[in-house]
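Have the viewer open as you read.

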There are 2 protein chains.
Amino acid sequence: MDKILTTEGVPLYVKIREALRAEILHGNLHPGQKIPSEEELAQQYRVSRMTVRQGILELIKEGLLHRKHGVGTFVSYPHFDRDHTHLTNFFESAREQGIEASSTVLKIEISPAPEKIAQQLLLKPGESVICIRTLRFVNQTPVTVHDSYLPHRLFPEIIHEKLENVHLWDVMEKYGYRVKRAIQKLEARPASSEIAKLLDIKPGAPILYKERKILATDGTVVEFTYCYNRGDMYSLTVAMER
Amino acid sequence: MDKILTTEGVPLYVKIREALRAEILHGNLHPGQKIPSEEELAQQYRVSRMTVRQGILELIKEGLLHRKHGVGTFVSYPHFDRDHTHLTNFFESAREQGIEASSTVLKIEISPAPEKIAQQLLLKPGESVICIRTLRFVNQTPVTVHDSYLPHRLFPEIIHEKLENVHLWDVMEKYGYRVKRAIQKLEARPASSEIAKLLDIKPGAPILYKERKILATDGTVVEFTYCYNRGDMYSLTVAMER
DNA sequence: GACTTCTAGATGTATAGACGTCTATATTTT
DNA sequence: AAAATATAGACGTCTATACATCTAGAAGTC
């Protein structure tokens, strides 16, 4: 079965990588099965072993294949993706789980960006930002306080929008920015008296504290938010890969 | 400055990778700066270009370097280009940041799996598991308690291994399992008196609590761990996509 | 001055071959 | 039967070389 790969302009190792991926996806190679050795594939596709190797190594990095020195290369078992890698919208995921969710806006104002915010949003010092403090409820119980900062330049009219019970991200889409990626830093912190009062808990009670940077599809930083989540009513599940 | 790397048993590309890492960490190469070309490094270290390339490519995968076709290879800016959103090995990432890390084993025993553990590890009820409690230190300060559960069947002799100051994942590799993926559930919780004593904090102080399931490259569940991290000394950064 | 073209330097792709190291299995020895 | 040993197969490391492609800046042209 000598295969000749004729498409031009595509590197050979990419063709081999994709050929292997197709074999796996179509079930010709199934999970746990050993694939042909580098040498065999090299002969089959009439390329050098190093070229085959480069293709295989990329599939290993992706997690589709794995190998063991001196033994061989094998197809990995697919992992059940229970939504973990994905960024979810508070209202959407609450609705999916049949939970009642709502939100109120406690404050909204325009002011010059504090230094840290300017740095995170890639703004010039003093450029103006919209600051929005919201309180979110699950089944009428307050669970989260958000202090969000958005570049005023990108969303000039947002203060006139209805923001109650609406997700900011949906509003952003009206301005042409679709949320794509979040980078979140997580810590456990004691509740300050201010936050404790809002969340109806004791000062010092554990808070899941998040600093969150949101990027749009084009890479623009559209939001920076401090999140204070009630420790006893909030958990976050994430998947990470090596 | 022709460098001869004499240590035996270590691949050349690893030596070059570590030499470059050292240059960056010690500030001889600073963020944004262009590093010597592959050809120059090859001559400097007296190896072939492909060997240099392999070392560089690994640092790029780590996020320490980045490159542009036709231009050159550059040192990344920390906390900006550098990707700290991947699953990291405690000891490796501490070393990369120049932080002193250590760990001790408080308990190790073999017992039948509790129901929840069996479910998470995909074991039959009552199948035996290895339970390991470790305490991790950063600069001599205790920061994390781990209660890890591994299927006994997969790692029969692990209780005889040296586990102090060694990452479990490195030991697992001896048994042919390479860690690939983690699914982690995060919460903020108050410290129990037991955990508080171990971490040298007050009971009730905030803990970043994690339940962590670890999958190997072939998809096997190799570990389930409860992690108790000191809230004031531990943070986790994750990236999520829509 | 503005535009186009050329070129040096850097990374990207690809080859062929050599030898090292690891693992499972078959073989031999005890 | 059990243990030690040898071996074949597969991946891991490394070299030397060649040419392709990309980018920034230099050189030339209008």
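How many residue pairs are in polar contact across the interface of chain A and chain B? The rule finds 13 of them, both residues being at pLDDT 80 or more. A polar contact here is a pair of N or O atoms within 3.5 Å; within protein, one must be able to donate a hydrogen and the other to accept it, and residues adjacent in sequence count only if both atoms are side-chain atoms. On the side of chain A that touches chain B, the elements giving two or more residues are helix 3 (49-62), strand 1 (65-68), helix 6 (168-174), strand 6 (179-190), strand 7 (206-216) and strand 9 (236-241). Strand 6 of chain A gives the largest share of that side, with twelve residues. Helices (H or I, at least four residues) and strands (E, at least two) are DSSP runs, numbered from the N terminus.

A word on the ground rules. This is a predicted model, in which local features need pLDDT of at least 70 and side-chain atom pairs count only at pLDDT 80 or more, while totals for chains, interfaces and linings use all residues. Residues are numbered from 1 along each chain as its sequence is written, chains are lettered from A and ligands numbered from 1 in the order in which they are written, and side-chain values use heavy atoms, with hydrogens and water left out.

Back to the interface. Chain A puts 45 residues into the contact and chain B puts in 42 residues, where contact means heavy atoms within 4.5 Å. About 4100 Å² is buried between chain A and chain B, with carbon and sulfur atoms giving 54% of that area. Buried area is the accessible area (1.4 Å probe) that two parts lose on being put together, summed over both. There are also two salt bridges between the chains, a salt bridge being a side-chain nitrogen of Lys or Arg within 4 Å of a carboxyl oxygen of Asp or Glu. B:Arg181 forms one with A:Glu241, and their closest N and O atoms are 2.6 Å apart.

Now follow strand 6 of chain A. It runs antiparallel to strand 9 (residues 236-241) of chain B, and six bridges join the two; two strands pair if DSSP finds at least two bridges between them. Look for A:Leu186, whose bridge partner in strand 9 of chain B is B:Leu236. Within its own chain, strand 6 of chain A is joined to strand 7 of chain A by eleven bridges, again antiparallel. There, A:Val179 stands opposite A:Ala216.

A:Ala216 turns up again among the contacts of A:Val222, which also include A:Leu121, A:Tyr149, A:Phe155 and A:Met172, leaving aside neighbours within four places in sequence. Which residues touch the most other members of the largest nonpolar core? They are A:Phe155, A:Val222, B:Phe155 and B:Val222, out of 48 residues. A nonpolar core is a set of buried Ala, Val, Leu, Ile, Met, Phe, Trp, Tyr and Cys residues joined through side-chain atoms within 4.5 Å.

Over in chain B, strand 4 (residues 128-138) is mostly covered, with ten of its eleven residues buried. Buried means under 20% relative accessible area, exposed over 50%, and partly exposed in between (1.4 Å probe, protein chains only). Strand 4 of chain B pairs with strand 3 (residues 101-112) of chain B in the antiparallel sense over eleven bridges, and B:Glu109 stands opposite B:Cys131. Ten bridges also join strand 4 of chain B to strand 5 (residues 141-151) of chain B, antiparallel as well. Those two strands form a hairpin with two residues between them. B:Asn139 sits in that turn with a positive phi of about 50°, and it counts as partly exposed because its relative accessibility is 42%. Most residues other than glycine have a negative phi. A:Leu122 has a positive phi too, of about 60°.

Last stop: two residues of chain A. A:Ser148 lies in strand 5 (residues 141-151) and counts as buried because its relative accessibility is 3%. Its side chain makes a polar contact with the side chain of A:Thr225 at 2.9 Å. A:Ile195, in helix 7 (residues 193-199), touches A:Arg133, A:Val145, A:Ile207 and A:Tyr228, not counting residues up to four places away in sequence.
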